[in-house]
Amino acid sequence: MFFSRLSIKIKLMVTLGIVSAMLVAVGLLGINDLQRSNQSLEVIYSNQLVPGNALAMAFEILGSDRADALRAANSGKVDMADAAVTKVHDEQDELKALMKTFRGADLSQRERVIAKR
């Protein structure tokens, strides 16, 4: 009843004020949700993506070393075998760094089993 006695100008201003307040509330809720989403993505990145990439790179190096060693063994050439052994020794520091990155993350039970190997 009170609202019906007000002028059109006042009714429009009240309506616009309510709509503006709702827009601000929705905007604030959206910003809050974006911040929580960003935090979740940062956790996923640091605890899953980076260690997973490190592990994949380590497996790639190991696979390449195994393939080189197999080629060298099948060829019967001593210099090829020496090169494969040298490559394995040269890549040990890189493999250790990659595995340190993997082990440094918050690992799941399944990932801990892989890290112990």
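Colleague: With which residue does Arg 71 form a salt bridge?

Modeller: This is a predicted model, and the pairing is read from its atoms. The closest N and O atoms of the pair are 2.7 Å apart, and the cut-off for a salt bridge is 4 Å. Both residues lie in helix α1, three residues apart, about one turn of the helix. The partner of Arg 71 is Asp 68.

Colleague: Is Asp 68 buried or exposed?

Modeller: The relative accessible area of Asp 68 is 19%. Buried means under 20%, so Asp 68 counts as buried.

Colleague: How many residues apart in sequence are the parts that Asp 68 and Lys 87 tie together?

Modeller: The side chains of Asp 68 and Lys 87 meet in a salt bridge, at 2.6 Å from N to O. Asp 68 belongs to helix α1 and Lys 87 to helix α2, so the pair ties together parts whose separation in sequence is 19 residues.

Colleague: What is the N to O distance in the salt bridge of Asp 65 and Lys 87?

Modeller: Asp 65 is buried, at 7% relative accessible area, whereas Lys 87 is partly exposed, at 24%. Their side chains meet in a salt bridge, and the distance from N to O is 3.9 Å.

Colleague: Which residues are linked with Asp 65 in a network of salt bridges?

Modeller: Lys 87 meets the side chain of Asp 65 and also that of Asp 68. Asp 68 in turn pairs with Arg 71. The network therefore links Asp 65 with Asp 68, Arg 71 and Lys 87.

Methods:
Residues numbered from 1 in each chain as written. Predicted model: local features only at pLDDT ≥ 70, side-chain atom pairs only at ≥ 80, totals over all residues. Heavy atoms only, no water. Buried < 20%, exposed > 50% of the residue type's maximum accessible area, 1.4 Å probe, protein only. Helix = DSSP H or I, 4+ residues; strand = E, 2+ residues; numbered from the N terminus.
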